[in-house]
Amino acid sequence: MKKFEKKSAGSLERLRIRSGIYASAVTVLVVVLAVLLNLIVRAVPTKYTEFDLSEAGLYTLSDSSKDIAHALTQDVTIYYLAETGSEDAIITKLLDRYASESSHIKWETKDPAVYPTFAAQYGVQSAENGSLILVSGEKSAVLAASDLYDYDYSDYYTTGSYSVTFGGENKLTAAIYRITSGEELHAYYTTNHGEQRLTDTLTDALEGQNLSVSPLDLLTDTIPDDCDLLIINDPQQDFASAGGLVDEMSALRAYLKNGGHLMLTTDSYYSTPNLDALMAEFGLTRTTGLVVEGDSGHYLNGYPYYLLPDYATDTESGTLDGIDTSRRVLLQMAQGITITETEGIASEALLVSTESSYSKAAGYEMTTAEQEDGDPDGPFALAAYASNNSTGAEVIWVNCGNMDNEAVYQTVPGNVTFLQGCAASLAGQEGTTLVESKALEAAPITISGHTAAVLGLVFVLILPAAVLAVGAVVVVLRRRK
């Protein structure tokens with residue numbers, strides 16, 4: 001009996017040992033599999049493992065950003081200057097998205113407390129916490145933390161609040177393009193003719209295209225040899241021709257004869273016959289009057305001369321290829337452009353009014369927006385492209401002086417998209433870098449007073465009454481059983 005008990009105890013002990021070894025092996029295997037799975041998931045690009053549930057798509061790259069990332073042929077390293085533990089989740093997740101779109105992009109965090117002199121090697125003596133430094137070869141760009149967010153205080157004095165939007169993707173994409181797109185191009189805008197000054201928004205957009213923007217006074221200077229794009233923005237006075245102190249028109253013609261590129265905006269309120277004659281050489285002339293839109297879906301806020309034109313279709317110049325044509329453009333008090341077939345010139349419309357439009361021959365002197373006798377029918381070209389087949393000169397003419405306007409950009413961002421795209425096309429670039437800022441908070445839901453009353457009636461009276469009625473019916477039926 002004792003011998004049997006001894007053997008039984010030994011068998012149980014061996015069984016326990018085997019069970020323990022088996023359990024340990026399973027545990028180790030599960031841990032190893034979990035670690036391997038974690039490593040595999042980490043190796044998968046972020047865009048496949050994380051989902052952007054924010055209303056504004058804070059963590060989703062735009063098509064422009066993706067296109068630029070996919071086109072990279074050289075490495076870009078992004079250094080995020082942030083104290084350990086205080087990183088901005090929006091920035092880090094966005095950097096992950098960039099890295100997942102291209103093997104040429106990588107990023108890492110640099111704690112200024114640990115690396116106090118790191119930023120100095122890129123010419124930044126006191127980079128603020130949260131800044132970004134982008135490096136590609138010998139080129140670098142610095143984005144200050146304060147520039148990654150846009151603050152709008154326009155309603156502060158009336159509402160006591162302000163709005164904040166995230167513009168980091170726009171800045172990052174532009175910086176990546178700027179340091180990887182090769183040699184910087186040069187754009188000059190004319191002065192001393194009462195021109196409308198380029199807005200900061202448009203200037204930033206052009207510089208994001210790797211176009212340096214500088215003023216040019218043709219009364220004292222000549223057009224530089226490195227001028228890749230000349231901009232004349234809504235001049236109030238005409239350019240001087242032969243017989244004046246300076247023959248500015250000869251300078252413009254010489255520039256275009258050598259294959260120059262001109263982007264012109266004008267307002268019919270101002271008379272510029274010399275510039276008009278230059279455009280006529282490209283088969284473009286003014287249509288009499290101001291365009292009025294008869295289609296209510298193509299004008300803004302009940303003003304039929306605040307035009308929301310269509311983008312032209314079947315264009316051959318490629319000007320519209322890099323422009324987001326889903327964004328509407330606003331042209332206030334615009335004049336039509338007549339395109340005449342001219343030998344040696346290729347021309348086409350870029351923005352057009354509808355067939356319901358007409359042109360008020362009285363222009364700014366109109367007393368009614370209704371069509372009258374003598375007012376020609378549309379459609380009209382409102383922006384046009386033309387090129388000289390022999391010289392290679394290219395011009396884009398927008399016959400609206402209020403196209404570049406900060407107030408308009410707040411509600412109709414398509415204006416700056418269009419102008420930037422035109423500039424990029426004339427300068428020989430493909431695509432644009434402009435990305436719209438994204439709201440940090442969900443837009444509030446607003447409903448009318450009538451709708452609020454109906455919803456209140458439904459949820460406060462009708463639904464509770466219906467629930468009580470159903471309950472009463474159920475109780476009666478159960479008692480009858």
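I took helices (H or I, at least four residues) and strands (E, at least two) as DSSP runs, numbered from the N terminus. On that basis I count 12 helices and 22 strands in the chain.

I noted the ground rules. This is a predicted model, where local features need pLDDT of at least 70, side-chain atom pairs count only at pLDDT 80 or more, and totals for chains, interfaces and linings use all residues. Residues are numbered from 1 along each chain as its sequence is written, and side-chain values use heavy atoms, with hydrogens and water left out.

**Whole chain.** I looked up burial (under 20% relative accessible area, 1.4 Å probe, protein chains only). Buried residues are 41% of the 481 in the chain. I then checked contacts (heavy atoms within 4.5 Å). Of those with a separation of 6 or more, 75% link residues 24 or more positions apart.

**Cores.** A nonpolar core here is a set of buried Ala, Val, Leu, Ile, Met, Phe, Trp, Tyr and Cys residues joined through side-chain atoms within 4.5 Å. The largest has 38 residues, and L331, L350, L351, V398 and F418 have the most contacts inside it. Elements giving two or more residues to this core include α7, β18 (345–352) and β21 (394–398). Its largest share, six residues, comes from α11. Apart from this core lies another, of 29 residues, with L216, L275, A381 and W397 among them.

**L331 and its sheet.** Beyond its neighbours within four places in sequence, L331 contacts Y305, Y306, L307 and L351, among others. I looked up strand pairing (at least two DSSP bridges between two strands). Three strands form an open antiparallel sheet, in the order β13-β14-β16. β13 (299–300) and β16 (331–332) are the edge strands, each pairing on one side only. β14 (residues 303–307) pairs with β16 over two bridges. Y306 has Q332 in β16 as its bridge partner.

**Helix α7.** Which residues of α7 (residues 200–208) are buried? They are L202, T203, A205, L206 and G208. They pack against α6 (168–180), β8 (211–216), β9 (229–233), α10 (406–411) and α11 (414–426). Just after α7, N210 takes a positive phi of about 65°.

**L61.** I found L61 in the loop between α2 (46–49) and α3 (63–70). L61 is buried, because its relative accessible area is 6%. Residues L61 and R97 are 36 apart in sequence, yet 7.1 Å apart in space, C-alpha to C-alpha. Not counting residues up to four places away, L61 also touches K66, L94, Y98, E101 and E169, besides R97.

Note on methods
Buried means under 20% relative accessible area, exposed over 50%, partly exposed in between (1.4 Å probe, protein chains only).
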